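Please read the following note alongside the sequence and the model. It is set out as numbered points.

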Amino acid sequence: MTRQSRAVTALPHRRSAWMFLLGLGLLVPGLLAAGSSRAESQTSPADASDDLSFRGFTAGAPLASMAAAVQRLGGRGLHCTRGKADSTVQECRGAFSDSATGLRGEVWLSSIDSLTGIVSLKADGSAAQLEAWRSELRARYGPVSTRIQGAQRMMQWVRKGRMIRLTWRSETRGPSLSVSLVDGHVLDAWGARRQH
């Protein structure tokens with residue numbers, strides 16, 4: 001058993017992996033906090049799986065399945081570019097339309113060797129759309145406390161080196177929403193490879 005699988009407070013355990021992605025401009029702002037704050041992990045009877053997913057998106061999944069997920073949500077797939085410093089890293093972007101809430105937004109992800117390390121869905125929504133996302137995550141993964149950082153609020157679930165985080169910020173036009181998924185195993189394996 002690795003240190004990563006025993007501790008849910010490090011996503012990923014090697015900070016160098018996060019910093020390199022940040023240098024490439026491939027890291028979602030704010031996700032570094034996942035490695036330094038104590039993560040909450042609760043199992044709900046509704047979904048005891050270790051695979052954290054949202055609307056068909058799962059960190060750690062093959063890149064091709066993420067492109068298919070975008071298409072299922074009304075998008076045209078993903079447009080990807082490779083990192084200049086490491087060609088195994090790809091940054092991909094796309095758009096989605098959430099038929100359950102009528103919400104339209106953007107998908108961003110970073111893949112390493114065609115495995116998704118980080119996924120983020122971002123949109124400007126309404127209070128009702130925020131509640132729909134929040135209720136869905138609570139129902140699947142159990143209740144967790146809401147953390148407050150200035151105008152930003154977040155809820156976070158962690159299972160065996162994987163994380164899903166709902167973040168929202170109040171804006172004049174309505175809340176700005178995002179759901180981010182991280183697979184620490186993918187990022188740790190990449191970070192370890194770079195150290196050799």
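The points below go from the whole protein to its ring contacts.

1. The model is predicted: local features need pLDDT of at least 70, side-chain atom pairs count only at pLDDT 80 or more, and totals for chains, interfaces and linings use all residues. Residues are numbered from 1 along each chain as its sequence is written, and side-chain values use heavy atoms, with hydrogens and water left out.

2. The protein contains six helices and ten strands; these are DSSP runs numbered from the N terminus, with H or I of at least four residues for helices and E of at least two for strands.

3. Of the 196 residues, 49% count as buried, meaning under 20% relative accessible area with a 1.4 Å probe, protein chains only. Among contacts (heavy atoms within 4.5 Å) between residues at least 6 apart in sequence, 58% join residues at least 24 apart.

4. One aromatic pair is found in a search of the whole structure. Rings of Phe, Tyr and Trp (its six-membered ring) pair if their centres lie within 6.5 Å; planes under 30 degrees apart count as stacked, over 60 as edge-to-face and the rest as tilted. The ring centres of F54 and W133 are 5.1 Å apart and the planes are at 70 degrees, so this pair is edge-to-face. It links distant parts of the chain, as F54 lies in strand β1 (residues 53–54) and W133 in helix α5 (residues 127–141), 79 residues apart.

5. F54 counts as buried because its relative accessibility is 0%. W133 is likewise buried, at 0% relative accessibility.

Terms used. Buried < 20%, exposed > 50% of the residue type's maximum accessible area, 1.4 Å probe, protein only.
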